[in-house]
Amino acid sequence: MLVEREPLPESNASPDPILQPVSSERGNMSHNDGYEFDWEDLGDIKTGRPNLGQETSVLSYRLLQFTFKDVLSKELGGERCNQLFIQAGRLAGQQFCRKLLDTTLPFEAFISALQKKLIELKIGVLRIEKADLANLDFTLTVSEDLDCSGLPIFGATVCDYDEGFLTGIFNEYLGREFSAKEIDCWATGDRTCRFRVHPA
Ligand SMILES: [Zn+2]
């Protein structure tokens, strides 16, 4: 948040006060000037929610996501909206991997840690259906997916954010550009989401 400050005393005044931090708080939380994600912005949830705790409902998560989808697709068009969801998911996956996973683990141990984390955070139940390590070509399923399990059948996949999320995790872990595409989804009438992940 931008905070107005008293002018600095003459002796400490910077030749260019614009370059000086205006506050010890996160300067880019002023959303009018744009925003860049920082993991620390997720806050100290334990202290902030001593009674309600760390968890929320799937309903509130989906309400947030689907209202964003509504507004962004009306403002920017469906295709651009989907691209932005993928982009945001990718950022989330990259940060999630950096902060919560150990990228020095070998593949099987890394996937096992990822599976545990996704269950712990109630994001979904990940399984590896196919892993061609020579070509880095993977087919993954996510059951009870936070984004889509139980949705009406739209006849199209809807887990754009998840596509980005998986891309971000694989990019970060394997150190190269990946692409994740959802090929089955609850919203296409399947009981699980299925993603093909391979080098971009
Ligand atoms: Zn899905």
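Predicted model: local features only at pLDDT ≥ 70, side-chain atom pairs only at ≥ 80, totals over all residues.
Two residues are in contact if their C-beta atoms, placed from the backbone, lie within 7 Å. Setting aside neighbours within four places in sequence, Leu140 is in contact with Leu126, Arg127, Ile128, Glu129, Leu166, Phe195 and Val197.

First, the overall layout. The protein has 5 helices and 4 strands. Along the sequence they follow the pattern α-α-α-α-β-β-α-β-β. Of its 200 residues, 22% count as buried. Take the contacts in the protein with a separation of 6 or more: residues 24 or more positions apart account for 51% of them.

Now the core. Nonpolar side chains in soluble globular proteins tend to be buried together. Here the largest nonpolar core has 26 residues. Leu140 is among those with the most contacts inside this core, along with Cys148, Leu166, Ile169, Cys185, Cys193 and Val197. Which elements give two or more residues to this core? They are α3, β2 (137-143), α5, β3 (178-184) and β4 (193-199). Helix α5 supplies the largest share, 6 residues.

Next, Glu129, one of the contacts of Leu140. Glu129 belongs to strand β1 (residues 125-132). Glu129 and Arg194 are 65 residues apart in sequence, yet their C-alpha atoms are 8.9 Å apart in space.

Turn to the helices. Two packed helices are described by the angle between their axes and the distance between the axes. Helix α3 (residues 78-100) packs against helix α5 (residues 160-174) at an angle of about 40 degrees, with the axes 6 Å apart. That angle makes α3 oblique to α5. The crossing of α3 and α5 is right-handed. The residues of this contact divide into 12 nonpolar, 9 polar and 6 charged.

Gly89 lies in helix α3. Gly89 counts as buried because 24 C-beta neighbours lie inside 10 Å, and 20 or more is the cut-off. How many Å separate the C-alpha atoms of Gly89 and Phe165? The separation is 4.2 Å, although these residues are 76 residues apart along the chain.

Gly93 is also found in helix α3. Gly93 is buried, with 25 other C-beta atoms within 10 Å. Not counting residues up to four places away in sequence, Gly93 touches Gly164, Phe165, Leu166, Thr167, Gly168 and Ile169. Leu166 and Ile169 are among the residues with the most contacts inside the largest nonpolar core. Gly93 and Asp162 are 69 residues apart along the chain, and their C-alpha atoms are separated by 8.7 Å.

Helix α3 has another partner. Helix α2 (residues 58-76) and α3 pack at an angle of about 130 degrees, with their axes 7 Å apart. The two helices are therefore oblique to each other. Helix α2 passes α3 in a right-handed crossing. From α2, the contact is made by Lys69, Leu72, Ser73 and Leu76; from α3, by Gly78, Arg80, Cys81 and Leu84. By type, the residues of the contact of α2 with α3 divide into 4 nonpolar, 2 polar and 2 charged.

Finally, look at the backbone in two loops. Most residues other than glycine have a negative phi. Lys122 has a positive phi, near 60 degrees, and is not a glycine. Lys122 sits in the loop between α4 (107-120) and β1. Lys122 counts as partly exposed, with 13 C-beta neighbours inside 10 Å.

What is the phi of Glu144? Its phi is positive, about 50 degrees, although Glu144 is not a glycine. Glu144 is found in the loop between β2 and α5. With 17 C-beta neighbours inside 10 Å, Glu144 counts as partly exposed.

Methods. Residues numbered from 1 in each chain as written. Axes fitted to C-alpha atoms, helices over the stretch in contact; angles between N-to-C directions. Parallel < 35°, antiparallel > 145°, perpendicular 65-115°, else oblique. Left-handed = near helix turned anticlockwise from the far one by under 90°. Nonpolar A, V, L, I, M, F, W, Y, C, P; charged D, E, K, R; others polar. Core = buried A, V, L, I, M, F, W, Y, C linked by C-beta atoms within 7 Å. Buried ≥ 20, exposed ≤ 12 C-beta atoms within 10 Å, placed from the backbone.
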